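This briefing covers how the copies of a chain are arranged, where they touch, and what lies inside. The points are grouped by topic.

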4 protein chains.
Amino acid sequence: MTKGRIEAFSDGVIAIIITIMVLELKVPHGHDLSMLQPLIPVFLCYALSFTNVGIYWANHHHMFHAVHHVGGWVLWANLHLLFWLSLMPFATGIVGENELGSVPVALYAFDLTMCAVSYTLLVMALVAQHGRDSDFARALGSDAKGRISLAIYVVSIPLAFMAPVVSLMLIALVAAVWVVPDRRFARAAEPH
Amino acid sequence: MTKGRIEAFSDGVIAIIITIMVLELKVPHGHDLSMLQPLIPVFLCYALSFTNVGIYWANHHHMFHAVHHVGGWVLWANLHLLFWLSLMPFATGIVGENELGSVPVALYAFDLTMCAVSYTLLVMALVAQHGRDSDFARALGSDAKGRISLAIYVVSIPLAFMAPVVSLMLIALVAAVWVVPDRRFARAAEPH
Amino acid sequence: MTKGRIEAFSDGVIAIIITIMVLELKVPHGHDLSMLQPLIPVFLCYALSFTNVGIYWANHHHMFHAVHHVGGWVLWANLHLLFWLSLMPFATGIVGENELGSVPVALYAFDLTMCAVSYTLLVMALVAQHGRDSDFARALGSDAKGRISLAIYVVSIPLAFMAPVVSLMLIALVAAVWVVPDRRFARAAEPH
Amino acid sequence: MTKGRIEAFSDGVIAIIITIMVLELKVPHGHDLSMLQPLIPVFLCYALSFTNVGIYWANHHHMFHAVHHVGGWVLWANLHLLFWLSLMPFATGIVGENELGSVPVALYAFDLTMCAVSYTLLVMALVAQHGRDSDFARALGSDAKGRISLAIYVVSIPLAFMAPVVSLMLIALVAAVWVVPDRRFARAAEPH
């Protein structure tokens, strides 16, 4: 089994997920600027979800670059991750169209939690395939950033019932941290 | 004719099928958890269909890995399979939005039956292309798992008119059997 | 400019076109088989359009296999073809949801005509790029099949105003002729 | 990090953007030609947006052909461009369904402006990665065409409030200029 086709399929699914989210932005009817006002929360949620899905794509991209062989549970761990990512357009629509209510934001945080959990399971399946002493396992390191992100997602589920806007701001903060290019990867990408 | 572009096109179509199914999950409006209740059957159907389409992708992937050349009817046998797979989002929507009624579940089982039939036809077209004594034909083996799955799909069509939930559970059981990684493929994927 | 990325982009667009057509099949609500009756014309149109788009993909695939270099107007001639193909889901929806009326069928035939015209323009751009004495131009031959198809599409536009069903049957006949694997290509695909 | 997967992902996203725009063309119901009349502005906007997105794909394609390595901010600059491109179906729908009103056209011009700005940022990130004296930077040249296009987009935002149709015509003019194949690229694509 070659990793190329898993990468291609994942790229395809993630590309579709990141793009069909825009279908949640319903075309308004009107002639003055006030017609855009109810779209502002939907637009912000769209931008946040676009960033989150983009981060998953970038991390998936980086990780598979170091992968040598795939097999066993890797295929299903990858599909499991894609499943939770595929719910992002739905979760985004719920938050945007319900005035940032508690249940919608909690659901959004829950989906991000499941994405992070399934990403962790994918990492574990890949490490099991390569062995703990492999180059792959060493390149991953301790992944403290991933663990802290997961912890914040978990916390933002109950937080949504108290302060949904704070919960979303925490999620946006995690996204901002991931967008800043990782020193290690940046260094590896430099010409030798 | 190269197999690469058939694989790429099939990956693209399957990636879109598996992702646009989420558009059947209509965004609910409300502020408490009860707003999610009517979505539960739709969500479960979505998860079942995601798994089924994922299984087809994985099997397609494995089979084409062993393919050496394509031609004649292979292209159309492949498009025929993609046709029935492309109806999965529609069949999923019908089951999910009609309280698991008999006709919807029978239709869902019918589409899975046609997917299995068209997959079998694709296998036959590929065997005809490679010859019965080829490595490809040997690698396929007797495909007892595929035949039994097809038989269960056929049975679940009339069963849907008596006990639609039992019919869906049978279908879910078949999916579960396919998700467990196949020993033979797992072994082939191990590093030599 | 490499032909690989044009092929990949075209594959992507055609894969999306062929798949989002299924979104025209609106999920019905009900519990008995009669709920499926109004869907029959939409389903048949979907099957016809799926076949037509599949034929364009297969022909595009075959033709680009023989292409050596692309440039100048080829990129735009290709995008022009994709433009008219991208209107197939719309044309399919119009025919299926308007009881096979005259104007809808004429519009459908018009879109197929424009697809055939733009495909011919793409062929001309590629021949201009390779030269009339190139292997590419020789492999194409006279393309009588393509010319006759275009002529039938043109005829089926006015015919739709007299007998829309006959017009659609002519279009289906053309599709059937293309699905039968071409002897020349089949021979070329055989192992040497 | 390889440029191949960034190209593949960008191709996927752009292919989806260019194709799902057709979903804004709502299927009309009726039996005579007058049913098509309200669709004319939507269709023209669709054609204009299809052309614009096609131009971005072609330019992206050409530019990455000359790219040697990617890293640091390039990934995010690319996602940023895809973000604004992904809003094209939405902007197209707003213009088409609101009788070419001032606010919709201004919004459309704004999205094109942001696409041009983000494309410029992507170019800057790539130049920073390769160095000002690299082959890549020399191949780009001064990009006067890109700067003038951006300037026209910026001008067409306020212009939309005075004469929305003139604003759209300016935008269409810019598109027409880009479609004419660039002498330099055409020459590079010729067989040596």
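Copies are superposed by least squares on the C-alpha atoms of residues with pLDDT of at least 70 in both. The model is predicted. On that basis, chain D is superposed on chain C by a rotation of 90° with 0.0 Å of shift along its axis, at an RMSD of 0.0 Å. The two copies are thus related as by a four-fold rotation axis.

**Symmetry**

- In general, a rotation about an axis and a shift along it relate two copies of a chain.
- Gly12(D) is the residue of chain D that comes closest to the rotation axis, with its C-alpha at 4.4 Å.
- The copies meet through different surfaces, because only 12% of the interface residues of chain D are also interface residues in chain C.

**Contact between chains D and C**

- Chain D puts 33 residues into this contact and chain C puts in 29 residues.
- On the side of chain D that touches chain C, the elements giving two or more residues are α1 (3-20), α2 (39-65) and α9 (183-189) of chain D.
- α1(D) supplies the largest share of that side, 9 residues.
- The side of chain D that touches chain C comprises 20 nonpolar, 9 polar and 4 charged residues.

**Contact between chains A and D**

- Here 33 residues of chain A are in contact with 29 residues of chain D.
- Two or more residues each come from α1 (3-20), α2 (39-65) and α9 (183-189) of chain A, on the side of chain A that touches chain D.
- Of these elements, α1(A) gives the most, with 9 residues.
- By class, the side of chain A that touches chain D holds 20 nonpolar, 9 polar and 4 charged residues.

**Helix α3 of chain B**

- Helix α3 of chain B runs over residues 74-86 and has 13 residues.
- From its first C-alpha to its last, α3(B) reaches 18 Å, close to the 18 Å expected at 1.5 Å a residue.
- α3(B) is mostly covered, with 13 of its 13 residues buried.

**Nonpolar core**

- The largest nonpolar core has 231 residues.
- The residues with the most contacts inside this core are Leu85(A), Leu85(B), Leu85(C) and Leu85(D).
- Not counting residues up to four places away in sequence, Leu85(C) touches Ile14(C), Ile17(C), Val53(C), Tyr56(C) and Cys115(C).

Conventions:
Residues are numbered from 1 along each chain as its sequence is written. Chains are lettered from A and ligands numbered from 1 in the order in which they are written. This is a predicted model: local features need pLDDT of at least 70, side-chain atom pairs count only at pLDDT 80 or more; totals for chains, interfaces and linings use all residues. Two residues are in contact if their C-beta atoms, placed from the backbone, lie within 7 Å. Helices (H or I, at least four residues) and strands (E, at least two) are DSSP runs, numbered from the N terminus. The expected span of a helix is 1.5 Å times one less than its number of residues. A residue is buried if 20 or more other C-beta atoms lie within 10 Å of its own, exposed if 12 or fewer, and partly exposed in between; C-beta atoms are placed from the backbone. Ala, Val, Leu, Ile, Met, Phe, Trp, Tyr, Cys and Pro count as nonpolar, Asp, Glu, Lys and Arg as charged, and the others, Gly among them, as polar. A nonpolar core is a set of buried Ala, Val, Leu, Ile, Met, Phe, Trp, Tyr and Cys residues joined through C-beta atoms within 7 Å.
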